[in-house]
Amino acid sequence: HKEDDTDSNQSTTVFIRNVPFSTEEDELYELLESSFGPLEYCKIVKDPATGAAKGTAFAKFKHASAAQK
């Protein structure tokens, strides 16, 4: 059984650099979704010892076409 997703062979996860340290995940989620398309999740990378943002993030889009933009 093949999925109906036509872009199933392409990655839907992107790595984002230069995220301002003050950015909250919900702000980034809203920005990415409104600019590029529906997301499954976004996660700001944080230092495990301090909890401080590292200025990078991952976002997984529901469709590869959005991730390619």
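**Review note: rings, sheet and helix in a predicted model**

1. Phe 15 is partly exposed, at 41% relative accessible area. By the convention used here, buried means under 20% relative accessible area, exposed means over 50%, and partly exposed lies in between (1.4 Å probe, protein chains only). The structure is a predicted model, in which local features need pLDDT of at least 70 and side-chain atom pairs count only at pLDDT 80 or more, while totals for chains, interfaces and linings use all residues. Residues are numbered from 1 along each chain as its sequence is written, and side-chain values use heavy atoms, with hydrogens and water left out.

2. Confidence comes next. The mean pLDDT of the protein is 88, and 87% of the residues score at least 70; pLDDT is the predictor's confidence in each residue, from 0 to 100. Residues 1-7 have a pLDDT below 50, and this stretch makes six contacts in the model beyond near neighbours in sequence. A contact means heavy atoms within 4.5 Å. Where pLDDT is low, the predicted coordinates should not be read in detail.

3. The protein has two helices and three strands, and along the sequence they follow the pattern β-α-β-β-α. Helices (H or I, at least four residues) and strands (E, at least two) are DSSP runs, numbered from the N terminus. Of the 69 residues, 28% count as buried. Among contacts with a separation of 6 or more, 53% are between residues 24 or more positions apart.

4. In what order do the three strands of the open sheet stand? The order is β1-β3-β2, and the pairing is antiparallel. β1 and β2 are at the edges with a single partner strand each, so one side of each has no neighbour in the sheet. From one strand to the next, the twist averages 15 degrees. Two strands pair if DSSP finds at least two bridges between them.

5. The two pairings can be followed through β3. β2 (residues 39-46) is joined to β3 by six bridges, and the two run antiparallel. β1 pairs with β3 over four bridges, also in the antiparallel sense. Lys 60 in β3 is the bridge partner of Tyr 41, and Lys 60 also stands opposite Thr 13. β2 and β3 form a hairpin with six residues between them, and Gly 51 in the turn has a positive phi of about 80 degrees.

6. α1 consists of 12 residues and spans 16 Å from its first C-alpha to its last, close to the 16 Å expected at 1.5 Å a residue. The expected span is 1.5 Å times one less than the number of residues. α1 lies across β1, β2 and β3, and runs at about 140 degrees to β2. Axes are lines fitted to C-alpha atoms, for helices over the stretch in contact, and angles run from 0 to 180 degrees between N-to-C directions. Just after α1, Gly 37 has a positive phi of about 140 degrees.

7. Two aromatic pairs are found in a search of the whole structure. The rings of Phe 15 and Phe 58 have centres 5.1 Å apart and planes at 55 degrees, so this pair is tilted. The pair links distant parts of the chain, with Phe 15 in strand β1 (residues 13-16) and Phe 58 in strand β3 (residues 53-61), 43 residues apart. Phe 58 is partly exposed at 36% relative accessibility. The rings of Phe 36 and Phe 61 have centres 6.4 Å apart and planes at 85 degrees, so this pair is edge-to-face. Here too distant parts of the chain are linked: Phe 36 is in helix α1 (residues 25-36) and Phe 61 is in strand β3, 25 residues apart. Rings of Phe, Tyr and Trp (its six-membered ring) pair if their centres lie within 6.5 Å; planes under 30 degrees apart count as stacked, over 60 as edge-to-face and the rest as tilted.

8. Is Phe 61 buried or exposed? Phe 61 is buried, at 3% relative accessible area, whereas Phe 36 is partly exposed at 32%.

9. Thr 56 is in strand β3 and counts as buried, at 17% relative accessibility. Leaving aside residues up to four places away in sequence, Thr 56 touches Phe 15, Ile 16, Arg 17, Val 19, Ile 44 and Val 45.

10. Asn 18 lies in the loop between β1 and α1 and is exposed, with a relative accessible area of 72%. Its phi is near 60 degrees, a positive value in a residue other than glycine. Most residues other than glycine have a negative phi.
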